[in-house]
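Subject: Handing over the structure, with notes on pockets and helix packing

Hi there,

Here is the structure I promised you.

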Amino acid sequence: MMKRWQFVKRLAPLMAIMVLVLSACGREDLSALNPQGPVAEEQLGLMKLSITIMSFVVVVVFALSLYIIIRYRRRKGDKTIPEQVEGNHKLEIIWTVIPIILLVILAVPTVQSVFNLSKDYSNDPDAVKVIVTSHQYWWEFEYPELGIKTAQELVIPTGKTIAVETKTADVLHSFWIPALAGKIDTNPGSNTNHMYFSAPKEGVYQGKCAELCGPSHGLMDFKVKAVNPSSFDRWTAAIQEPVALPSDPAVAEAFQSKCLTCHAIGDSGMDLYPNLTGIASRESVGGILINVEAGEQKYKHEDTLYNNLYKWIKNPEKHKPGNKMANAYDLTDKELEGIAEYLSQMTLDYE
């Protein structure tokens, strides 16, 4: 007994430290427990209900177990064999009926939410339609009714229902915005999924891929930027305006021959990989290199916009292993600096 107690005394502090350390992991804006929209709030309500029911069951079972262990324990000096009796039929009926009642209590709102959250708003004239296409390891967002295609940052108007259709260009991925909605898979082929969500207030919401999809799965981030409806209208107009190429002829030639063969900007280039229009207005480069002002860097992946562009173009494999953008070793230093400078000025004035 003493040995067991010594073991528990040693283990308890370790478990306490682990709880403290693990509770500090993750990010508040990547938590489904911090809902910022009606869909996420409804899903959190289901989680609270199921946790409450499970907690009730655990407390009752442990309390009964503790009572039985103490009440019917073998007393000192008692060598008799306890009376062998058949199970109590009333108790058996009770502990069969109670779980059924608890399951019904959980099932009714769950079924209601499943049908409510599976509504397809793709034919709703008031909804904003978005086709989400996942790639290794980036996200493409197409607004079919607006003729817009962008990447890595989904701009939406507040108060509007966003009708999403998801698909993948390669392997299976999962589209997830924890603060706004649950996960939905992006499937290969013609098997598309639909979901909807909305953002009542302005802000930037973090999104991730929630399906293991390769070596850079954990780096497959994106942003959802909710702006007021008038700002959204200005954004849709700004992103469709013509874009001038770099003023330096050498940089313009390098950009056309080495960047626009895969990427598009304005009405130029190919839409094979992320559209670069308005890239300087995005929160990050490559989804993971966060743009901040000079001197405000706090974390490893934070830097100025220019520096992030320079680092990404020079060696994307270093920052997101397994991505399909070849290292730009054939760019001269002048071309690399010129392209990074050009893209760092590619802003959209809409907020």
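A word on names before anything else: helices (H or I, at least four residues) and strands (E, at least two) are DSSP runs, numbered from the N terminus. Residues are numbered from 1 along each chain as its sequence is written, and side-chain values use heavy atoms, with hydrogens and water left out. Please keep in mind that this is a predicted model: local features need pLDDT of at least 70 and side-chain atom pairs count only at pLDDT 80 or more, while totals for chains, interfaces and linings use all residues.

Let me start with the pockets. A pocket here is an open set of points on a 1 Å grid over the protein atoms alone, with protein on both sides within 12 Å along at least five of seven lines; lining residues have an atom within 4 Å of a point. Grid points are joined across faces, edges and corners, and a volume is the space filled by probe spheres set on the points.

The second largest pocket has a volume of about 540 Å³. Its lining has 18 residues, and Val60, Val61, Leu64, Leu91 and Trp95 are the closest to its centre. Both α2 (38-71) and α3 (89-117) supply at least two lining residues, with α2 giving the most, 9 residues. What classes of residue line this second largest pocket? The lining divides into 18 nonpolar, no polar and no charged residues (Ala, Val, Leu, Ile, Met, Phe, Trp, Tyr, Cys and Pro count as nonpolar, Asp, Glu, Lys and Arg as charged, and the others, Gly among them, as polar).

The largest pocket holds about 620 Å³ of space. There, 33 residues form the lining, and His263, Tyr273, Pro274, Trp312 and Met325 lie nearest the centre. Two or more lining residues come from each of α5 (249-258), β13 (284-285), α6 (305-314) and α8 (333-344). The most come from α6, with 3 residues. By class, this lining has 19 nonpolar, 9 polar and 5 charged residues.

Now for the helix packing. The axes of α6 and α8 come within 9 Å and cross at roughly 130° (axes are lines fitted to C-alpha atoms, for helices over the stretch in contact, and angles run from 0 to 180 degrees between N-to-C directions). These two helices, α6 and α8, are therefore oblique to each other, since angles under 35 degrees count as roughly parallel, over 145 as roughly antiparallel, 65 to 115 as roughly perpendicular and the rest as oblique. Residues in the contact (heavy atoms within 4.5 Å) include Leu305 and Tyr306 of α6 and Leu336 and Glu337 of α8. This contact of α6 with α8 has 9 nonpolar, 1 polar and 3 charged residues.

The axes of α5 and α8 also come within 9 Å, crossing at roughly 85°, so α5 and α8 are roughly perpendicular to each other. Among the contact residues are Phe255 of α5 and Tyr342 of α8.

Finally, there is 1 cavity of 30 Å³ or more (a cavity is a set of points where a 1.4 Å probe fits but cannot get out). The largest cavity has a volume of about 70 Å³, and its lining includes Thr150, Trp235, Arg282 and Tyr350. Both β3 (148-151) and β4 (153-157) give two or more residues to that lining.

Happy browsing!
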